[in-house]
Number of protein chains: 4
Amino acid sequence: MVKKVSIIGASGYTGGELLRWALMHPEMQVSQITSERFAGQAAYKLNPNLRGFTQLQFTPVKQLSMDVDAVFICTPHKTAAPYVKQFMGTGAKIIDLSADFRLRSKETYAKYYAVHPHPELLEKAVYGIPELHREEIKNAQLVACAGCLATSVILPLAPLVKNGLISLESIIADSKIGSSAGGAGFDISTHHPERQGGVRSYKPSGHRHTAEIEQELSAIIGAPVSVGLTPHGIEMVRGILSTVHARLAGKTSDIDLWKAYRSFFAGSPFVRLVKDQNTLYRYPEPKPVVGTNFADIGWELDPEKGRIIVMSAIDNLVKGSGGQAIQCFNLMSGFDEKLGLWSPGFHPL
Amino acid sequence: MVKKVSIIGASGYTGGELLRWALMHPEMQVSQITSERFAGQAAYKLNPNLRGFTQLQFTPVKQLSMDVDAVFICTPHKTAAPYVKQFMGTGAKIIDLSADFRLRSKETYAKYYAVHPHPELLEKAVYGIPELHREEIKNAQLVACAGCLATSVILPLAPLVKNGLISLESIIADSKIGSSAGGAGFDISTHHPERQGGVRSYKPSGHRHTAEIEQELSAIIGAPVSVGLTPHGIEMVRGILSTVHARLAGKTSDIDLWKAYRSFFAGSPFVRLVKDQNTLYRYPEPKPVVGTNFADIGWELDPEKGRIIVMSAIDNLVKGSGGQAIQCFNLMSGFDEKLGLWSPGFHPL
Amino acid sequence: MVKKVSIIGASGYTGGELLRWALMHPEMQVSQITSERFAGQAAYKLNPNLRGFTQLQFTPVKQLSMDVDAVFICTPHKTAAPYVKQFMGTGAKIIDLSADFRLRSKETYAKYYAVHPHPELLEKAVYGIPELHREEIKNAQLVACAGCLATSVILPLAPLVKNGLISLESIIADSKIGSSAGGAGFDISTHHPERQGGVRSYKPSGHRHTAEIEQELSAIIGAPVSVGLTPHGIEMVRGILSTVHARLAGKTSDIDLWKAYRSFFAGSPFVRLVKDQNTLYRYPEPKPVVGTNFADIGWELDPEKGRIIVMSAIDNLVKGSGGQAIQCFNLMSGFDEKLGLWSPGFHPL
Amino acid sequence: MVKKVSIIGASGYTGGELLRWALMHPEMQVSQITSERFAGQAAYKLNPNLRGFTQLQFTPVKQLSMDVDAVFICTPHKTAAPYVKQFMGTGAKIIDLSADFRLRSKETYAKYYAVHPHPELLEKAVYGIPELHREEIKNAQLVACAGCLATSVILPLAPLVKNGLISLESIIADSKIGSSAGGAGFDISTHHPERQGGVRSYKPSGHRHTAEIEQELSAIIGAPVSVGLTPHGIEMVRGILSTVHARLAGKTSDIDLWKAYRSFFAGSPFVRLVKDQNTLYRYPEPKPVVGTNFADIGWELDPEKGRIIVMSAIDNLVKGSGGQAIQCFNLMSGFDEKLGLWSPGFHPL
């Protein structure tokens, strides 16, 4: 049965990406997209790819309709929570793409973001990575979609943490990320001559996504997991490659690792294990996942140093936000999680 | 009814792109993909985007099966013709992506390519741009898919030529093209440090696609049309922007042009007219069509100089080859031409 | 003898580039750089390349000193003219990099820009392309540096026009240009996710530089020359490739062209003729001239169509502005025009 | 006094870069450049940037002259050693850019490369990073230039190791590197459509440069230092950003770090400390050092995790090979180490 959905804060890159997938989804009908700044403008003016696919215009939020089966919230953190509160009472499924309900602890939220406007709702939310919380998502009214960097770091680590294969301290996630992750807002740092070809470690320590990464990994093992996250903006519009460096807990073979990864991701169609031979693409890379909801994961052991290097590649706007949101929506709606999302990337791209 | 198809010469970029679309097409079943060099290898090893979508392996051509509903031929010019001859007798639909059957005249073929191995078949072929030859394609057994540059130059010019709006002499097509158009073969000219960031006018005059461009445009008006084609390899993997410069035949307004373009492309879902205001994307650009079968076309008049500048953007591997081939296949098979091809691009990309 | 110079409006890309060359110049001493917006800031904060080379800070223009041997003006058009007027009375050499004094006709200036604030000074200015006006520049107090696109179009055409080799009508200049040409100011059009990989014909007809191109070429032959200029922003930070398409006036051979070009540019060390064989770099390309003051020029005849395609490559910030300004300064100061400018580019880059 | 120098194996990117700097050096005269494959060709055919700067042609090595003041060897590892042996007897200064004499231990050389052809010469070589071995280089006949990745990892770590500020275990160097580091040889992995936009962890563990990194850092402290090196090819032609992750040995402040770095690099003009505020370029990035011999170094403490993240940026072809070779040559020749090397990069680039 077709679901009526709306997107709040739809004029950004996340909203545009969601809109694309929603328009092509066989069981979704987009009834409303909101934007204050672009109210009255056609969506295809901001999203030239959608020319010919929709005549939808942005509406101001004061005209927001409550009558939807599901709502996607793409506004900045702290501004999403009031919408969540509003829709909780309508029974609509709520997929919040902001950071507002990702953290279980209001103290941690306060440390990384701000005082939480509706802390009483924190316990209602399920963290939106289906590969970790599939069953809870199916039954949730409110899903807090994971951050893009967080998704790219949690997925490759989860099987290792769960199986006790690595030391829980001293994990380093060195991420390479495209410019679209910064959103549609611009300043001198995103000015093409300054940003093009750059390799910019804009937040070497203390990045906000650390909080959700540590929360989720700690929950898996029931013990504190410490991850140092260092993202770098590199020459790329879409895509993340996270290189995760960890100390092995003991002796581990590739067979152990294949088992751990295969078992953890059994039933997870959007995770592909990439550890190959006789091909140029031996490990995950962002290019083959751009425009898709896949998370490609691969690794290399360094037995001499007792370490492992795990790589994961996602499209920050798909598996890192809009696509994962649809995947959650599918689960919440009783659909196959692949519905409307099952398409390969392009090669070469 | 699902059609059984095969792809000959499937290990190149055109073959890989075709395979992607064919695998996702609701009415196609790929029974065979051939490659001498990669015989026995899984297709996803060359096409990392297809990991998880197919286990198909390349077979050597000596194991080629004749039992297919349609065959796509992606081998180099001169080597495609023998396959065409072979399959003509089986009744299979033949979509040839090489240059072998694009030209009506064996003399012109000889001038630009080589002595034609099977000139007697030239008259059987229909030139594969549906926007020009939709009805003939529906009834053809053999379609010769247009070249990528040719597609990007013919489409924006056809309505102008047909309506007598421009001088037939002194047309200049200055094209900007991505590196994937050169194919999967590599040499020093495609070596990343040499090619990256380059703006290379590798063939300023006398490019082979000139022949098909002039053939098709001349056929529209029944008079010789002369086009100077100057392609430039620029920093881009996929995509073509062709900027066509022409002298106006007389006084012409934007309204005349809108009429000419709208009327010519009525019923052509894959052509979008892009001449916009109040948006960043006022004219066609390659990025919004990458990964799609669209040809975006726009123009600007220069009344002071009595000239028009027309821009067209396509993805060289989709509307410029693999996608257009599927579009022809759809027509030849009695399907809606959009079947399996109707998807928007990504933004930002 | 070392010259004391200042740069007005030094916080943009042109100012930064000028500063770089001036700091390394053996006979220049930079006494002042002005900027309202960045007053008090160190220049190396905006120009990370200059860290360790200068402690100069921007000063507000109200502290502008008149006591200099030469002044470079890098403010926007219309705002440069008052500074020119001010310095004319001091005897200082004035190199204006704005458009204010490029056009001889105040009517043309008004058509393309605005009402000229000091039209009486127009006749004092020499157009700043040394390859055309070397002797006048040597004796000028005021030089109006050529626009970057204009430089890239005038240089390849001048020898053809002078020798009557091409038709003066129907010349098309199709230019490809890097993002730095738009300056340090940013908006959505320069936002990396929107600009990266783009091929954007932002001004297909009526570009302002047309005025100076036609003025200079017409002056060479004493007859009106018409040039249609269509620039495209492409994926590149620095560099211009202009592809100039023209109709031959009569039968012309490569030998004629070599003679015309060699003779025109005899004594012009910064023009290199690039028409080569047995190398990847057969025609001009931007990459080998990035960071240099060279203009590389090459061509290809199309005898069948009676046309010529000429390509020219420059670095828009060097030969297209800051470097050419220094070249003019050298001539005005009695120095060798190569002084402080004679360095090769980098390969690969 | 001008030194006569030759470059053996000059047709690669390292040789081309060396040639560029040597041609512009006030005290060098290049007497010979050798290449088997390109013997007889002009150097500017391979290096389009050098057009107009030299008419030198490659000579075959059988015509190699022994009569030089200094020789630069740019041939692959194992093939450099015989030349070194040959020139040791002539008294010429030898700067070897291969890996042949970087390691003190023939066993380590055998482990990472091959059986050493001339192990008796290993003790004669000085490791060619002036910031570590300035005095020894001044007196050396043979200098083994450091690897590019090694340079980018050793420099930021040396002051930390020397001052006991970090744990000597568990150091991770996650490097991002441009395509020119792979040299002028091409294959499918460097084919533009496959390499462009890629983020490829081609050797996650066990990279050869690990050997020289650990050798040099261990020598500083007299204890084994363990470094896990994971390089990633990213979209960039020139440049390396190495992000080094280490555990702090104890409580350390930014002041301690400033002191350690300032003191270690006192008298080292090519190291710039970049840890800035109020600017876009707060940490090192490759772009501002491209085309220069600088190593920019910066850091960020993560007190919560007891860690430090150090970033270093170099141009792999300059400070990472050709430039550092000239810097060594200067020292060996009694010149100021900045001679002919002191120039800023370009911004924006």
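Helices (H or I, at least four residues) and strands (E, at least two) are DSSP runs, numbered from the N terminus. You're looking at a predicted model, where local features need pLDDT of at least 70 and side-chain atom pairs count only at pLDDT 80 or more, while totals for chains, interfaces and linings use all residues. Residues are numbered from 1 along each chain as its sequence is written, with chains lettered from A and ligands numbered from 1 in the order in which they are written.

Now select strand E12 (residues 295–302) of chain C: seven bridges join it to E13(C), running antiparallel. Strands count as paired if DSSP finds at least two bridges between them. E12(C) and E13(C) make a hairpin with four residues between them, and Gly306(C) in the turn has a positive phi of about 65°.

Next, pick strand E10 (residues 240–247) of chain C, which pairs antiparallel with E13(C) over eight bridges. Click Thr243(C) there; its bridge partner in E13(C) is Met311(C).

Stay on E13(C), residues 307–314: eight of its eight residues are buried, so the strand is largely enclosed by the rest of the structure. (Buried means 20 or more other C-beta atoms within 10 Å of a residue's own, with C-beta atoms placed from the backbone.) One side carries Arg307(C), Ile309(C), Met311(C) and Ala313(C), the other Ile308(C), Val310(C), Ser312(C) and Ile314(C).

Finally, show chains B and C. A 180° rotation with 0.0 Å of shift along its axis superposes chain C on chain B (RMSD 0.0 Å), by least squares on the C-alpha atoms of residues with pLDDT of at least 70 in both. The two copies are thus related as by a two-fold rotation axis. Select Glu235(C): of chain C's residues, its C-alpha comes closest to that axis, at 2.9 Å.

Definitions and conventions: Buried ≥ 20, exposed ≤ 12 C-beta atoms within 10 Å, placed from the backbone.
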